[in-house]
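Visitor: Hi! I'm new here, could you walk me through some contacts between charged side chains?
Guide: Happy to, let's take a look together.

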Amino acid sequence: MSDFVDRVTVHLKGGDGGNGSAGVRREKYKPLAGPNGGNGGDGGSVIFVADRNTTSLLDYRFMPHRVADGGTMGLGDNKDGSKGADLILPVPCGTVVFDKKDKRRLEPLADLRHPGDRFVAAAGGAGGLGNVSLANKTRRAPGFALLGEPGEERDVVLELKSIADVALVGFPSAGKSSLIAAMSAAKPKIADYPFTTLVPNLGVVQAGSMRYTIADVPGLIPGASQGKGLGLEFLRHIERTEIIAHVIDCATLEPNRDPMADYEALEHELAQYADSLDLPLGAIPIAERPRVIILNKVDVPEAKELAEFVRPDFEKLGLKVFVVSTASHEGLKELGFALANLVNEMRRKVQEREDAAEAERVVIKPLEDRQSARRAPAGKKGVLEFSIEREENPDGTPLFVITGTKPERWVLQTNFDNDEAVGYLADRLAKLGVEDELRRKGARPGDEVQIGRGNRAVEFDWDPSIAAGAEMLDGSQLGARGKDLRLESENGYARRRTNSERREQYKAMMDAKSAVRAAMEAERLAGHWADPSIDDDRHDTTSLFGRGEDPDDAGKADDDAEGRGE
């Protein structure tokens with residue numbers, strides 16, 4: 001099994017944000033001294049970083065699921081939760097990140113070409129606000145806090161496109177692996193059968209003080225751009241190279257094969273593949289990159305004659321031709337220095353093109369005078385930060401689907417087990433203009449409304465007549481939400497009692513106790529002992545056992561009882 005992996009699918013999830021705290025501060029003589037709940041910590045993000053020390057995507061094949069740390073919840077005493085640590089994932093330089101949302105077509109997200117390039121693939125969720133952050137002049141003591149947002153989940157495809165200065169292309173068994181082994185310290189697999197090379201091989205060539213890399217691309221055949229052979233799997237490794245070197249086998253015995261036909265066939269495949277490429281900004285198109293012709297295996301006498309025969313034909317096309325032999329190392333030194341000079345020249349051109357493309361890059365900035373997010377008054381243009389679509393349920397009843405960044409985020413932050421939190425959500429939606437837009441779309445009380453789509457969608461029956469504010473402790477609705485009787489100034493709990501008020505309350509309590517003792521002493525002296533288990537006064541309507549009978553009816557009942565001998 002090869003340890004070179006250049007394409008893998010990774011399942012990512014950012015860390016969840018911590019929940020906010022709904023704590024209440026308690027002090028001496030002030031049992032309800034106000035909110036003190038802290039905010040929850042933000043979740044960590046999953047970040048890809050291009051690293052020159054990473055050469056393969058093998059680790060992600062065995063561990064495709066990566067999750068960042070979540071934030072911790074807020075605590076009382078205004079203590080915020082800690083932020084989750086970001087998950088840094090190193091990838092080789094030349095890795096392209098694709099979004100796997102659409103299976104038929106992958107959408108490119110980032111191109112990590114240079115060392116240190118970063119891309120946030122899955123953002124962490126924001127931490128929920130505590131009740132301290134939610135408090136204001138009208139909402140002095142929120143009895144709820146916002147929940148942390150869940151981290152972003154995404155499936156991405158990592159595709160490695162080797163970054164090399166020179167790409168060796170040619171038919172199978174043309175001698176590309178032998179050439180890279182002779183020019184560098186690389187040790188690729190070499191055998192006498194086609195498609196020996198199944199993965200790209202990279203080698204570093206030292207020519208004097210100049211160092212550059214060459215890539216041995218697996219053998220190509222006619223039709224490789226349509227998927228024949230190993231073409232589509234490894235043609236992408238040619239995208240990053242600046243020089244294309246055709247390695248042509250001059251000692252082949254296959255029919256209908258000659259050096260010029262091999263060159264034209266490979267150029268045809270490269271042209272078809274280049275038409276479907278979306279190169280990065282400033283990159284040189286494949287058709288404009290310099291070509292080098294390497295006539296290989298000239299240690300065979302017949303191959304030597306054929307190479308000298310076809311050399312003028314290639315030179316007429318303006319191509320540099322090198323006659324080499326990997327067996328006898330003939331011409332390898334001249335080839336190495338010639339490629340070094342060409343690589344040095346191409347690096348300078350590529351840098352100039354990238355600088356010019358960066359200078360011409362169009363940067364889109366937000367408008368200085370942003371319009372209101374809510375619907376503007378009549379006669380003025382307004383921008384809505386949400387959209388409402390009218391659909392139908394299977395039973396034919398209307399369904400209004402609300403989508404937008406703010407409504408969907410607010411739903412995730414709401415604790416639906418807390419009525420006050422639900423009321424706060426209703427207030428935010430009404431302020432954003434959702435209720436007005438629902439009325440404009442023709443929604444009626446009782447219609448089904450859905451916020452968001454997918455697994456995180458929330459459905460409810462729309463009832464605009466329900467007040468969104470919190471309720472009083474006695475059950476009546478508040479005109480403005482967020483008030484709390486426990487903290488009202490006239491209630492007495494929100495402030496400390498004065499010494500005179502404490503003395504008056506204590507005196508009233510002691511007078512009441514003395515009155516009770518005096519009444520009990522008078523009953524004892526009168527010989528009246530009250531036994532709760534005996535109903536000794538059936539006419540007492542306030543007693544626990546009294547029936548409150550009329551005295552005349554009670555006298556008749558006693559005479560009848562005496563007549564019966566009872």
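Guide: A word on terms before we start: buried means under 20% relative accessible area, exposed over 50%, and partly exposed in between (1.4 Å probe, protein chains only). This is a predicted model, where local features need pLDDT of at least 70, side-chain atom pairs count only at pLDDT 80 or more, and totals for chains, interfaces and linings use all residues. Residues are numbered from 1 along each chain as its sequence is written, and side-chain values use heavy atoms, with hydrogens and water left out.

Visitor: Thanks! How many salt bridges does the structure hold?
Guide: There are 19, a salt bridge being a side-chain nitrogen of Lys or Arg within 4 Å of a carboxyl oxygen of Asp or Glu.

Visitor: What does E152 pair with in a salt bridge?
Guide: Its partner is R154, at 3.2 Å from N to O. E152 is partly exposed because its relative accessibility is 29%.

Visitor: And is E267 buried or exposed?
Guide: E267 is buried, at 18% relative accessibility. Its side chain meets that of R291 in a salt bridge of 2.9 Å, N to O. E267 sits in helix α5 (residues 259-275) and R291 in strand β13 (residues 291-296), so this pair ties together parts 24 residues apart in sequence. Helices (H or I, at least four residues) and strands (E, at least two) are DSSP runs, numbered from the N terminus. R291 is buried too, at 12%.

Visitor: Switching topic, where do E345 and K349 lie?
Guide: Both are in helix α7 (residues 332-359), four residues apart, so about one helical turn separates them.
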